[in-house]
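Please look over the sequence and the structure below before reading on.

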Amino acid sequence: MLSWNSEVWERLSGPYGSAKHVPGLLQQLEQEFNQEVFNDLFQEYLFHQNSIYTTTYAVMPFLAHHACTTSDVAVRKELFIHCGIIEASRDEQHQVPYPPSWTELADVVGSTVCTQMYIEYINAIDQLRSLTEQVLTDAAELSTDDMEKRYILIADAAFRESYPVANMLMTFTEGDEYVAECPACENEVYIWPDENYAVPLKAYEQDPVFQPDQEAQAIIPASSWTDEETQVLADRTARIGEQTLAAHLPYLAGETTCPTCRENIAVWPALLSTFTM
């Protein structure tokens with residue numbers, strides 16, 4: 001990990017500029033986790049509009065270490081979720097020795113520094129992944145709302161490298177709508193809950209918010225999980241008691257008729273197709 005007084009911090013960037021103030025924030029969190037300080041760090045330096053930065057990579061090992069050493073369940077969950085959001089948003093995966101976009105940074109701080117930063121980030125993700133069982137157990141035992149549970153599932157999917165699933169869940173966090181793409185005609189298919197956001201889910205040609213009187217296509221729910229990812233997600237969802245996704249998942253893994261071209265489509269691959277990395 002970078003030392004507190006490393007000059008490299010000033011060369012790293014976040015959404016609003018240099019990371020020179022980041023070591024001070026990290027030191028505060030190391031002494032005692034403070035939600036306001038963490039929010040400032042995350043929002044001002046690490047994450048903005050589904051984008052991460054060189055600062056994010058350098059900070060991740062510190063967050064992973066804190067998550068793995070804290071005895072505070074709430075802090076561990078907070079760090080697990082936010083680090084999962086970061087990993088889900090990483091669009092330069094499996095780059096060796098470091099992401100191509102770091103070329104300019106490498107010219108300034110050296111390729112060795114960049115390589116080490118990237119290795120430490122990947123190691124941090126491995127450490128966070130090791131917390132999954134504990135976080136899932138905590139979520140199942142403690143009173144946690146469905147929204148927070150969904151973010152735990154997002155982080156879990158990201159750490160398992162199921163990036164399309166993580167990004168799909170992160171896009172539709174409320175569970176009040178989903179948008180797929182028909183593989184036959186490439187038009188959008190709006191997947192909407194029934195009245196009062198209840199199941200069953202149905203398919204629409206246009207956004208039901210703006211076209212409430214259009215005909216809906218029924219979705220035939222899956223009677224079993226036909227691929228490993230939906231099986232794992234269903235197991236995780238049931239384990240932590242995320243009721244909204246548990247009710248929706250059979251329909252999201254089901255089949256329907258495209259409202260535009262009338263071709264039969266499998267909803268799950270159509271839903272994930274726009275989130276392929």
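## An aromatic pair across the chain

Phe172 has a relative accessible area of 8%, so Phe172 is buried; buried means under 20% relative accessible area, exposed means over 50%, and partly exposed lies in between, with a 1.4 Å probe and protein chains only. This is a predicted model, in which local features need pLDDT of at least 70 and side-chain atom pairs count only at pLDDT 80 or more, while totals for chains, interfaces and linings use all residues. Residues are numbered from 1 along each chain as its sequence is written, and side-chain values use heavy atoms, with hydrogens and water left out.

Phe275 is also buried, at 14% relative accessibility. The ring centres of Phe172 and Phe275 are 6.1 Å apart and the planes stand at 85°, so this pair is edge-to-face. Rings of Phe, Tyr and Trp (its six-membered ring) pair if their centres lie within 6.5 Å; planes under 30 degrees apart count as stacked, over 60 as edge-to-face and the rest as tilted. Phe172 sits in the loop between helix H9 (163-171) and strand E5 (178-181), and Phe275 in the segment after helix H12 (267-272), 103 residues apart. Helices (H or I, at least four residues) and strands (E, at least two) are DSSP runs, numbered from the N terminus.

## Other aromatic rings

How many aromatic pairs does the count come to? The count comes to 14 aromatic pairs. One of them joins Tyr57 and Tyr118, with ring centres 6.3 Å apart and planes at 35°, so the pair is tilted. Tyr57 belongs to helix H3 (residues 54-69) and Tyr118 to helix H6 (residues 111-129), so the pair ties together parts 61 residues apart in sequence.

Tyr57 counts as buried at 3% relative accessibility, and Tyr118 is buried with a relative accessible area of 5%. Ring pairs link Tyr57, Tyr98, Trp102, Tyr118 and Tyr121 into a cluster.

## Two packed helices

Two packed helices are described by the angle between their axes and the distance between the axes. Helix H8 (residues 146-159) packs with helix H11 (residues 243-252) at an angle of about 65°, and their axes are 8 Å apart. Axes are lines fitted to C-alpha atoms, for helices over the stretch in contact, and angles run from 0 to 180 degrees between N-to-C directions.

Asp146, Arg150 and Leu153 of H8 make the contact with Gln243, Thr244 and Leu245 of H11, where contact means heavy atoms within 4.5 Å.

## Strand E8 and its surroundings

Strand E8 (residues 217-220) has Gln217 and Ile219 on a covered face, and Ala218 and Ile220 on an uncovered one. E8 runs antiparallel to strand E9 (residues 255-257), and 2 bridges join them; two strands pair if DSSP finds at least two bridges between them. Glu255 in E9 is the bridge partner of Ile220.

Gln217 counts as buried, at 12% relative accessibility. Leaving aside residues up to four places away in sequence, Gln217 touches Lys202, Ala203, Thr256, Thr257, Pro259 and Arg262. Arg262 lies in the loop between E9 and strand E10 (264-266) and is partly exposed, with a relative accessible area of 49%.

## Backbone details

Arg262 has a positive phi of about 70° although it is not a glycine. Asn50, in the loop between strand E3 (47-48) and strand E4 (51-52), has a positive phi near 60° and is likewise a residue other than glycine.

Which kind of peptide bond joins Val96 and Pro97? The bond is cis, with omega about 5°. Pro97 is found in the loop between helix H4 (73-88) and helix H5 (103-109).
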